[in-house]
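Here are some notes for a first look at this model. Please read them with the structure open.

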Amino acid sequence: ACKNTTIGFKLTKQCKFHKAGSFAYVGYHPKYEEIIVSYRGSVNIQNWIEDFDFTKTPNKTIDPNYPDAKVETGFYKNYHSIENCTINEILNLTTQYPNYQVYSTGHSLGAAASTIAAVKLALNDDIPIVSLYNFGSPRVGNKQFSQLAQTLLYASQRMVNHGDCVTKMPYKTMGFY
């Protein structure tokens, strides 16, 4: 289905934080007029520890205007370790290509980071419409974060395999949606 669709994609930045195993790449596709940030899923023990840190971030972590929107702390740590690298490159590319749409994507832990990134990008007035396409994403935040994400990211997809336990964690009984 995706045969030859990445031909012409221009990689502009690789963002990594080895200690946490965080990794993302940013680039653009001139044919489709897209800017893409893609986050990698779990690859090491530190990532698995982050996957199971079911505490929630402090108030105002996502945005001071939404103090009740909280995300799982481990997911946030993974995202935050490369946040400046990814956001700065996206801002650079949107300056160069103001008519391009921004896409955020990832798998598993990368999907959680991608969701946080997409919400933060959508809250930035300098960023055009942000779309989110995730695969095997866990539940990222509390009800307020979920509502904020649904409001901001009307062009989004969360693809899951019904039998995948990752997509059902952290549990709703723990306050995650």
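1. Start with the disulfide. Cysteine 15 and cysteine 85 form it, with their sulfur atoms 2.1 Å apart. The model is a predicted one, and it holds 1 disulfide.

2. The link joins distant parts of the chain. Cysteine 15 sits in strand β1 (residues 10-17), cysteine 85 in helix α3 (residues 83-96). They are 70 residues apart. The link is left-handed, with -75° about the S-S bond.

3. Are the two cysteines buried or exposed? Cysteine 15 has a relative accessible area of 0%, so it counts as buried. Cysteine 85 counts as partly exposed, at 23% relative accessibility.

4. Next, look at serine 22. This residue belongs to strand β2 (residues 22-29). Serine 22 is buried because its relative accessible area is 2%, under the 20% cut-off. Its side chain makes a polar contact with the side chain of serine 81 (2.7 Å).

5. Which residues does serine 22 touch beyond its neighbours within four places in sequence? They are Cys15, Lys16, Phe17, Arg40, Asn78, Ser81 and Ile82. Cys15 in that list is one of the two disulfide partners.

6. Now turn to the second largest pocket. Its space comes to about 390 Å³. The lining has 17 residues. Nearest the centre lie Ser146, Ala149, Gln150, Arg158 and Tyr177.

7. Where does the lining come from? β5 (130-135), α5 (143-152) and β6 (156-159) each supply at least two residues. α5 gives the most, with 4 residues. By type, the lining of this pocket divides into 7 nonpolar, 8 polar and 2 charged residues.

How values were computed: Residues are numbered from 1 along each chain as its sequence is written. This is a predicted model: local features need pLDDT of at least 70, side-chain atom pairs count only at pLDDT 80 or more; totals for chains, interfaces and linings use all residues. Side-chain values use heavy atoms; hydrogens and water are left out. Buried means under 20% relative accessible area, exposed over 50%, partly exposed in between (1.4 Å probe, protein chains only). A polar contact is a pair of N or O atoms within 3.5 Å; within protein, one must be able to donate a hydrogen and the other to accept it, and residues adjacent in sequence count only if both atoms are side-chain atoms. Contact means heavy atoms within 4.5 Å. On a 1 Å grid over the protein atoms alone, a cavity is a set of points where a 1.4 Å probe fits but cannot get out, and a pocket is an open set with protein on both sides within 12 Å along at least five of seven lines; lining residues have an atom within 4 Å of a point. Grid points are joined across faces, edges and corners, and a volume is the space filled by probe spheres set on the points. Ala, Val, Leu, Ile, Met, Phe, Trp, Tyr, Cys and Pro count as nonpolar, Asp, Glu, Lys and Arg as charged, and the others, Gly among them, as polar. A disulfide is a pair of cysteine sulfur atoms within 2.5 Å.
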